[in-house]
Amino acid sequence: MERDIIRKSKVWSPEKIEEIQEKSDLGRYRIRGQATKRADLPSFDDLVFTPAGLSRVPLEGYRERCDTEVIIGEGKVKRPLVLDTPIMVAGMSFGAINAHAKEALGIAATRTGISTCTGDGGMHPVEREASEKLVYQLLPSRYGLNPYDLQKADAIEIVVSQGAKPGTGGTLLGQKVSEEVAHMRDLPPGVDQRSPCRHPDWMGPDDLGVKMEQIREATNYEVPVMIKIGAGRVYDDTKLAAKVGADAIVIDGMEGGTAASPEIQLDHTGIPTVAAVVEAAEALHEIGLKKEIKLIIGGGISNGADAAKAIALGADVVYIGSAMLIALNCNKSLYLEDYKALGTEPAACHHCHTGKCPVGIATQDTDLMARLDPFEAADRVENYINSITMEMQIFARSCGKSKVNALDPTDLRSLTLTSSLITGVPIVGMGHHKPHYADYESSSVEQNVLSQLLV
Amino acid sequence: MESIKEKVIIDCETTSLKQINQKIRDAVKDKVPEVIIENPWASHNLGVGITESIHIIYKGDVGYYALSLCDKVTAKVEGNAGWAIGENLMDGEIIVEGNTASACGASLRGGTIAVKGSSGARAGIGMKGGELIIGGNAGYMTGFMMQKGRMIICGNTGKALGDSMYNGTIYVGGEIEELGNGTEIVDLPPAEYNMIKDRVETYGITAPPSFKKVVCNGRLHNFNKKEFGIWKEIL
């Protein structure tokens with residue numbers, strides 16, 4: 001007789017069982033916040049920098065000047081967007097997060113010389129007041145859009161899609177559609193808002209070209225116009241966005257965040273950020289516009305290493321959203337009972353969609369909001385932005401670069417074959433020695449295989 | 001440009017788009033009450049982002065996005081209009097003598113757009129207020145995701161009328177090929193018919209003898225109701 005063994009199936013894992021049983025109760029797909037939880041995606045961690053040695057001289061790691069400034073729309077619009085460091089706060093709507101969070105992000109961005117972004121839901125006056133440089137999103141929903149706010153913006157971002165859920169529109173569940181949110185979006189309070197995914201007034205790239213002209217006319221060619229696309233058919237989409245005359249193209253990788261999205265889509269749609277940046281940069285290089293059009297990459301960027309590697313692969317700027325919220329206090333070990341009540345715990349919370357954010361960020365509940373002091377929170381975000389800037393500078397200096405944006409793919413090596421294939425960056429240990437292998441040709445089957453892989 | 005006290009005349013044949021819109025803005029600044037756009041030849045983006053009172057007359061067809069992102073403007077198009085005329089209009093009045101292409105009055109927020117002819121697909125898509133009057137027929141997905149406001153269509157409509165609308169009212173004088181998800185036809189009180197008739201006749205359009213009143217039935221407002229049958233219709 002077989003022994004009694006409790007052995008969990010790898011095929012029918014506890015997570016899969018829980019998912020099936022929850023859906024059998026809900027009668028619809030699961031919706032949640034945060035981002036994909038997949039652990040098997042290629043990432044920037046699969047790359048390392050190759051610091052200077054004898055062949056190249058490093059800069060003094062802690063002291064020597066290393067520029068970080070990036071300008072979007074330079075020479076093309078009357079008021080280009082000047083970023084003191086190649087970081088932008090990604091679009092997160094008033095609705096998804098509250099006015100305290102918006103204010104904190106705005107204060108921190110202003111202090112560090114970077115921009116914030118309205119997200120879907122209109123321009124909140126608190127956010128405009130707090131943010132010296134504010135990007136105004138123009139989305140399919142057109143929530144809160146009006147010509148006055150358009151003219152108050154420091155850049156316009158036409159959103160085609162979002163990395164977390166490319167091909168679908170936004171979702172904001174009723175518990176977060178407060179009176180104020182409903183008013184700003186012209187919706188009935190408490191409704192489960194599902195935004196459209198297609199713009200109401202253009203369909204394809206040719207129409208978008210005319211739309212682009214409309215926005216430029218409406219803003220009197222004052223500020224840059226950017227196009228944001230969730231990473232899917234990145235190579236072609238980037239070329240089309242360039243064709244219609246964007247000053248900057250934002251590519252949002254599949255690790256990008258959301259306040260509410262069908263979970264199945266988070267995990268099974270889109271292109272990982274590290275792959276997306278390579279495709280987008282390649283597309284711009286090919287059409288000879290890499291210098292003219294700024295490439296902004298977002299999706300799971302968490303530290304200076306991610307940011308510097310994205311820049312080395314061709315990005316000019318990184319978009320950071322989720323990590324900014326984490327700096328605000330998202331998933332922090334506070335108010336443990338409230339995490340428990342949501343069925344979760346700090347570092348595992350993805351309950352933005354419920355409107356019951358324990359730390360008072362992704363909620364419109366005034367009691368919970370009170371837990372987020374905008375000024376204290378701004379200090380934390382400011383520190384975080386500064387730390388990423390310093391981390392990027394460390395890599396640039398160690399690679400002998402006096403500008404963060406001078407990092408390039410030759411400063412990198414891949415740790416895995418997959419990463420090497422995706423990025424075109426040679427795998428570690430083999431970058432410049434390929435001809436040397438010729439001496440050993442046919443000496444062993446193993447090396448023949450290796451040579452083929454390197455072709 | 002010939003400038004006199006009462007009006008400014010702009011000839012599109014000899015003026016670039018940038019100059020046209022700048023001249024309209026200058027006319028607004030100089031408090032000129034009327035601008036006449038001659039030879040528009042269906043050019044795009046004529047009269048965009050104007051946010052002060054002025055009356056604009058287009059002596060012919062206009063292309064995409066005419067009078068979009070505007071406020072307080074009144075205008076007449078003596079011809080047809082391309083995509084998204086009056087998109088995101090905040091307040092004012094636009095009269096189109098001919099037909100319009102797709103997305104007429106997309107995201108309309110206030111004021112009135114009156115089209116004497118017919119309109120293409122997605123008329124009044126995402127409307128957030130205001131009034132859209134169409135003397136003839138309206139195409140596929142008219143009133144899709146409408147949020148607020150009033151739409152009056154004197155002729156027939158295509159499929160998916162008012163699909164996923166959150167709020168607002170659509171009045172249809174002719175046949176509805178297919179109602180969109182989450183909508184229903186409700187009774188139209190006589191007083192409301194008279195009001196609609198008045199509005200239509202204000203623009204010289206003959207009102208049909210009756211209207212169907214289409215509204216949101218609210219059944220798609222929230223995800224968490226276990227109405228499998230309803231959701232299966234749209235998901």
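A salt bridge here is a side-chain nitrogen of Lys or Arg within 4 Å of a carboxyl oxygen of Asp or Glu. Take A:Arg56 and A:Asp411, whose side chains meet in one at 2.7 Å, N to O. This pair links distant parts of the chain, 355 residues apart: A:Arg56 sits in the loop between strand 2 (47-49) and strand 3 (70-72) of chain A, and A:Asp411 in the loop between helix 14 (374-398) and strand 16 (412-414) of chain A. Helices (H or I, at least four residues) and strands (E, at least two) are DSSP runs, numbered from the N terminus. A:Asp411 is buried, with a relative accessible area of 0%, while A:Arg56 is partly exposed at 33%; buried means under 20% relative accessible area, exposed over 50% and partly exposed in between, with a 1.4 Å probe and protein chains only.

A word on the ground rules. The model is predicted, so local features need pLDDT of at least 70 and side-chain atom pairs count only at pLDDT 80 or more, whereas totals for chains, interfaces and linings use all residues. Residues are numbered from 1 along each chain as its sequence is written, chains are lettered from A and ligands numbered from 1 in the order in which they are written, and side-chain values use heavy atoms, with hydrogens and water left out.

Back to the salt bridges: over all chains, a search finds 38 of them. In one, A:Asp154 pairs with A:Arg79, the closest N and O atoms being 3.2 Å apart. A:Asp154 lies in the loop between helix 4 and strand 8 (155-159) of chain A and A:Arg79 in the loop between strand 3 and strand 4 (81-83) of chain A, so the pair ties together parts that are 75 residues apart in sequence. Another joins the side chains of A:Asp252 and A:Lys228 at 3.8 Å, N to O, and both of these residues are buried. There's also a network of salt bridges linking A:Glu18, A:Glu22, A:Arg30, A:Arg32 and A:Glu263.

Now for the place where the chains meet. Contact means heavy atoms within 4.5 Å, and it takes in 44 residues from chain A and 45 residues from chain B. The two chains bury about 3800 Å² between them, 54% of it on carbon and sulfur atoms; buried area is the accessible area (1.4 Å probe) that two parts lose on being put together, summed over both. A:Asp186, A:Arg194 and A:Glu217 supply 19% of the area that chain A buries against chain B, more than any other three residues. Four salt bridges run between the chains. A:Asp186 and B:Arg109 meet in a salt bridge too, at 3.1 Å, N to O.

On the chain B side, look at B:Asn88, in the loop between strand 5 (73-77) and strand 6 (92-96) of chain B. B:Asn88 is buried at 0% relative accessible area. A polar atom of its side chain lies 3.1 Å from the backbone oxygen of A:Leu145.

Helix 1 of chain B (residues 17-29) is worth a look as well. Its buried residues, among them B:Leu17, B:Ile20 and B:Val28, fall within an arc of 160° seen down the axis, so they line one face of the helix; the arc is that of the directions from the helix axis to the C-beta atoms. Those residues pack against helix 6 (205-218) of chain A, together with strand 2 (7-11), strand 3 (34-38) and strand 4 (54-58) of chain B. Just after the helix, B:Lys31 takes a positive phi of about 60°.

Key: A polar contact is a pair of N or O atoms within 3.5 Å; within protein, one must be able to donate a hydrogen and the other to accept it, and residues adjacent in sequence count only if both atoms are side-chain atoms.
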